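I opened my notebook today to look through a new structure, one step at a time. Here is what I wrote down as I went.

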Amino acid sequence: RSDAPTFFTPHWDRFIDDLTGLPLPPELCREARRKEIAYFKEKGVWELRTVNEARARMGKRPITVRWVETNKGDDENPNIRSRLVAREIRMSGQDAIFALTPPLESLRMILSMASTSVTGQGWKVDWDPQSPTRTQIIMIDISRAYFNAKTSEDDPIYVELPPEAEAPQGMCALLRRHMYGTRRAADGWQDEYSTRLKEAGFTQGMASAYVFQHQQRGIAVSVHGDDFTATGPKPQLEWFENMLRSHYELTVGGRLGPGPEDDKEARVLNRVVRWTDKGLEYEADPRQVERLLEELELDGEGVNGVVTPGVKIHSHQVPSDKEVPEREHTRFRALAARANFLAADRPDIIFAAKEICRFMSKPTELAQQALKRLGRYLKKHPRLVFSFPKQEASGIEVYSDTDWAGCVRTRKSTSGGCLLLGNHMLKCWSSTQASIALSSGEAEYYSVVKGVGISLGQQALGRDAGFMLPVGGALWVVEQQPPQN
């Protein structure tokens with residue numbers, strides 16, 4: 001009916017941004033969907049088959065699909081991207097669905113390697129702006145990465161067809177290429193690019209299968225999904241780019257280097273990386289702080305910041321602490337998760353975020369206050385920049401510390417520390433110890449063991465990238481009495 005109210009509009013005529021929840025222009029979304037379907041056909045992602053065939057081979061109905069729309073531009077200049085994804089949901093008794101990724105310190109290690117000469121390992125960096133073999137960093141994004149991985153004939157995957165495919169009734173699609181949203185897509189893509197890199201002479205890491213090295217060409221690579229970050233001499237990175245381009249559609253996000261024509265700033269995994277005269281800089285995604293402050297309603301001009309991300313809870317506050325209403329649980333968890341994600345690149349808030357996340361299952365009033373204080377701290381200190389200056393290094397240094405019985409609720413201690421390659425911090429951590437330490441010495445022992453384990457893990461990552469890093473270190477011992485009840 002033409003006079004029907006808007007809420008009776010059929011669901012396929014409503015277009016919503018999956019990130020912001022805001023409405024999108026219908027005509028632009030329809031055009032984006034048509035382009036997506038045309039791309040599927042061009043790449044040979046699927047073949048039409050009957051639903052009866054799918055039931056016979058899979059033992060169930062075809063996997064459902066949905067459209068994911070986002071505006072990559074802004075309100076004045078919209079850039080609508082529509083992606084058709086499968087919805088292969090994990091069923092009871094099945095393995096968990098996840099995509100393996102390298103640890104974040106592997107990315108920082110690549111950045112550190114671009115500004116570090118490692119003593120005795122043959123790894124030298126060339127920062128001469130005029131040198132034809134100067135050291136560079138390249139960020140490469142593979143377009144529609146999963147479509148490059150072929151499916152297996154022995155494990156068929158059938159999906160439903162959207163109305164935009166204009167398929168006959170009773171038809172579905174047999175995937176010939178992996179599709180986003182299917183359980184085996186991530187593994188298929190990982191097998192695809194790993195094979196390509198090994199055929200090109202790369203050695204795959206033993207500690208992390210997502211770190212590669214090419215010893216003859218002096219290239220080290222870290223792969224995160226469809227993002228490749230590599231460092232090495234300029235001509236070798238040009239060979240690396242051309243090699244990938246011969247197999248995949250790709251976009252070069254930046255080629256950082258000391259030369260006058262080299263890029264000086266780029267983004268990788270939404271982190272900002274800058275090349276300066278003194279070295280490299282690495283910064284967390286600035287939008288994460290902006291979104292957290294907005295969701296906490298602390299983004300106004302009249303909001304005052306604070307100088308510390310948290311305050312210690314006293315034992316007399318615990319008995320009066322109450323669980324917040326259940327309707328507020330989801331919001332608290334979403335904000336705590338964002339703070340925890342940001343803490344991976346913000347050592348100054350890592351302890352405060354960890355303490356907040358301990359109340360994920362049952363948020364309390366004190367936890368809400370702690371989250372609000374963290375937001376006020378970020379209001380005053382919205383940015384933190386890692387500095388990777390040019391240096392020579394001989395190995396890894398690890399610093400470990402602990403508080404004894406720092407948690408007044410459980411009497412558990414916290415282990416914390418950081419790992420450095422020369423003057424470059426590659427990793428920091430703060431975690432609640434699983435066991436209750438009966439003395440400060442026991443708490444320190446647990447912290448040292450964790451620090452040693454992390455250092456061995458980083459040593460293995462370094463070996464994957466092409467050099468063996470000896471481990472040194474220090475232990476900061478803070479004699480602290482447990483709080484009294």
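**Ground rules.** I am working with a predicted model, where local features need pLDDT of at least 70, side-chain atom pairs count only at pLDDT 80 or more, and totals for chains, interfaces and linings use all residues. I number residues from 1 along each chain as its sequence is written, and side-chain values use heavy atoms, with hydrogens and water left out.

**Entry 1: confidence.** I started with pLDDT, the predictor's confidence in each residue, from 0 to 100. The protein chain has a mean pLDDT of 90, and 93% of its residues reach 70 or more. Residues 1-12 have pLDDT below 50, and I found 2 contacts (heavy atoms within 4.5 Å) for this stretch beyond near neighbours in sequence. Residues 474-485 also stay under 50, and there the model has 27 contacts beyond four places in sequence. A note to myself: where pLDDT is low, the predicted coordinates should not be read in detail.

**Entry 2: two helices.** Helices (H or I, at least four residues) and strands (E, at least two) are DSSP runs, numbered from the N terminus. How do α6 and α9 cross? I found that the axes of α6 (residues 286-295) and α9 (residues 365-380) come within 10 Å and cross at roughly 130 degrees. The axes are lines fitted to C-alpha atoms, for helices over the stretch in contact, and angles run from 0 to 180 degrees between N-to-C directions. That angle makes α6 oblique to α9 (under 35 degrees is roughly parallel, over 145 roughly antiparallel, 65 to 115 roughly perpendicular, and the rest oblique). I then listed the meeting residues: V289, L292 and L293 in α6, with G375, L378 and K379 in α9.

**Entry 3: N270 and A405.** Neither is a glycine, yet I saw a positive phi near 65 degrees at N270 and about 55 degrees at A405. N270 is in the loop between β13 (265-268) and β14 (271-275); A405 is in the loop between β18 (396-403) and β19 (414-421). Are they buried or exposed? N270 is partly exposed at 40% relative accessibility, while A405 is buried at 4% (buried is under 20% relative accessible area, exposed over 50%, partly exposed in between, with a 1.4 Å probe and protein chains only).

**Entry 4: A145.** I found A145 in the loop between β5 (135-142) and β6 (158-159), buried at 0% relative accessibility. Leaving out residues up to four places away in sequence, A145 touches Y180, W189 and D226.
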